[in-house]
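Reader: Hi, I have a structure open and want to find my way around. Can we go through it together?
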Amino acid sequence: MEKGTCFSSIEIKKLTDLAKLIKKKYGVNVWFVEILGRRWSYIAGQRVEDSSIFSPECVSISERFGVVSDHWKQVPPKIREQIKSLLDDMAREYEQK
Amino acid sequence: MSTQLVSSPSVIEWANNVIEKDEITRYLDAGKDFIDDEKIKKLLHQNKHPTPHKVRHIIEKSLCIERLEPEETATLLNVKDRELWDEMFQAAGEVKRRVYDNRIVTFAPLYCSNLCVNNCLYCGFRKENTLVKRRRLTLEEVRRETEALISSGHKRLIAVYGEHPLSDVNYITDTLRTIYETKVGNGEIRRVNVNAPPMSIEKLKILKEVGIGTFQVFQETYHHQTYKRVHPSSIKSNYRWRLYALHRAMEAGIDDVGIGALFGLYDWRFEVMGLLYHTMSLEDHFGVGPHTISFPRLEPAANTPFIQESKYKVSDEDFKKLIVVIRLSVPYTGMILTAREPAHIRKEVIPLGVTQTDASTRIGIGAYSVRYPKQEAEKQQFLLGDTRSLDEVIKELALAGYITSFCTAGYRCGRTGKCIMDMLKKGKERWFCKLNAVLTFREWLDDFASEETKEVGEMIIQKEIKEIKEKLPKIYPKFMEYYRRIENGERDLFF
């Protein structure tokens with residue numbers, strides 16, 4: 001499920017689909033967050049409710065956005081680059097709003 | 001000085017420009033807000049004399065962690081049978097355990113400013129109360145207050161502000177940054193919640209950027225006529241501007257919000273219904289309801305005769321009932337009990353579903369760093385019932401079988417807004433609560449506890465660890481790794 005207030009439904013859907021794909025292909029839980037000081041605010045992604053309890057890896061992708069995952073390093077570098085690119089695009093659009 | 005602070009042309013002009021009318025009307029339904037006074041009264045009237053079967057059916061629904069419908073809450077509010085109330089009391093405690101486990105989160109309030117343009121009849125800070133000493137903390141004073149709080153072991157604060165141009169969103173964000181930047185040895189404040197006046201969406205976006213925990217605005221009373229009577233002038237006299245404060249917050253991207261009512265202004269049953277309708281409206285609009293519900297009672301305040309004259313003051317027995325019904329009505333939302341209440345009442349009501357409470361509270365502006373031993377009514381919004389230290393409160397909680405938690409993990413790793421609410425509803429978040437309670441309690445015992453409290457605390461910790469080993473065998477090794485690292489001096493490890 002998504003946070004639908006600050007981000008477009010298209011952006012939310014892209015991130016949600018990406019998280020589902022990563023879970024399916026690599027067995028890794030990923031969710032996308034907006035970084036606001038100490039607060040990492042959930043945007044979209046695979047839910048922890050669908051997996052077991054874990055210690056979260058919190059990874060800053062940019063100043064504005066990050067990912068929280070259980071096994072981030074198992075996501076191939078190429079996919080991680082795609083995520084970074086998508087989040088950078090979102091950050092640019094966010095700045096313009 | 002006080003008169004200039006509230007009556008100068010610039011202050012009046014500021015107050016006249018706060019409300020954005022379109023940021024109310026956009027949420028109305030055919031021109032109406034979501035509190036239908038007559039409908040609430042009708043529901044309370046129609047659901048009198050409920051059968052035990054009906055009540056037990058509703059209790060079962062709560063135990064399945066499902067939010068109640070207004071008719072169901074009205075039914076519970078009409079229960080007279082003592083035995084049924086006992087069952088509801090038990091159920092409320094069980095609901096809390098299923099959602100939030102055995103922990104009680106603790107925090108402290110930090111009153112930053114008592115300048116206010118409003119004139120709420122029940123409040124010690126109302127603008128016409130000339131006996132109150134008006135102050136706004138400088139950033140240096142905020143830092144000193146924070147240091148004092150950190151030095152007692154607090155990790156979570158709620159920063160409180162009056163409604164005034166000198167404590168506008170820019171002041172609020174400056175103070176929050178100061179709080180977050182302040183460190184004392186191993187200690188720091190890891191989460192700051194905010195209790196502040198309603199703002200426009202534009203201002204709320206500014207607040208959002210700081211990275212706060214929960215944003216709270218209490219409606220005080222949901223009853224339209226009472227609201228008008230007790231808020232006679234200025235910004236706060238606008239019922240709907242306040243009512244939709246948290247809708248605007250959600251729209252600005254602040255997705256952890258707190259609602260509350262001040263019990264004693266009007267019929268407590270009506271206010272419980274109001275809190276439910278508020279929850280429902282947020283859920284309908286944004287897919288997520290309040291992160292917390294607060295339920296303070298009217299307390300004495302300097303030069304505030306309204307409080308003595310109110311005919312709706314809530315008895316201790318009714319106070320317990322309203323807590324239970326709120327717990328059962330919205331099983332997954334946090335519930336905050338404050339030090340307004342005396343120690344013996346707090347001890348009695350914590351088992352009824354409370355999830356958070358404050359300790360070592362001082363509500364005078366600048367009171368923590370000055371460390372004055374007695375309350376001073378002319379410096380405070382009201383008089384506190386419980387002024388015990390954090391150590392004393394934690395010891396009492398431990399003796400009652402609760403572990404005190406300083407957890408701030410959720411909002412630092414994406415468990416926020418709808419995400420955390422869904423996890424709470426599904427019973428998943430409680431395990432994070434358990435793990436993080438132990439880890440943060442270990443920190444506090446090692447850094448701050450008295451010998452006496454440490455002894456009691458160790459027993460509780462061992463009990464919790466045993467349960468973690470039994471119920472979370474897969475995560476147990478990682479948990480024990482974190483636990484040992486904390487015992488060895490590392491800090492701020494979380495799940």
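Predicted model: local features only at pLDDT ≥ 70, side-chain atom pairs only at ≥ 80, totals over all residues.

Reader: What does B:L176 touch, skipping residues up to four places away in sequence?
Author: Seven names to look for: B:A159, B:Y161, B:V192, B:V194, B:L207, B:V210 and B:I212.

Reader: New topic. Which residues of α1(A) are buried?
Author: A:E11, A:I12, A:L15, A:T16, A:L18, A:A19 and A:I22. They sit on the same side of α1(A), because they cover an arc of only 160 degrees around the axis.

Reader: Why would residues spaced like that line up?
Author: An α-helix has 3.6 residues a turn, so residues three or four places apart point the same way.

Reader: What covers the buried residues of α1(A)?
Author: The cover includes β1 (30-36), β2 (39-45) and α2 (77-96) of chain A. On the other side of α1(A), exposed residues include A:K13, A:K20 and A:K24.

Reader: Back to chain B. Is B:T221 buried or exposed?
Author: Buried, because its relative accessibility is 0%. B:T221 lies in the loop between β6 (215-216) and α11 (224-230) of chain B.

Reader: Which side chain makes a polar contact with the side chain of B:T221?
Author: That of B:E271, at 2.6 Å. A polar atom of the B:T221 side chain also lies 3.2 Å from the backbone nitrogen of B:H223.

How values were computed
Residues numbered from 1 in each chain as written. Chains lettered and ligands numbered in written order. Heavy atoms only, no water. Helix = DSSP H or I, 4+ residues; strand = E, 2+ residues; numbered from the N terminus. Buried < 20%, exposed > 50% of the residue type's maximum accessible area, 1.4 Å probe, protein only. Polar contact = N/O pair within 3.5 Å; in protein donor to acceptor, adjacent residues only side chain to side chain. Contact = heavy atoms within 4.5 Å. Arc of directions from axis to C-beta.
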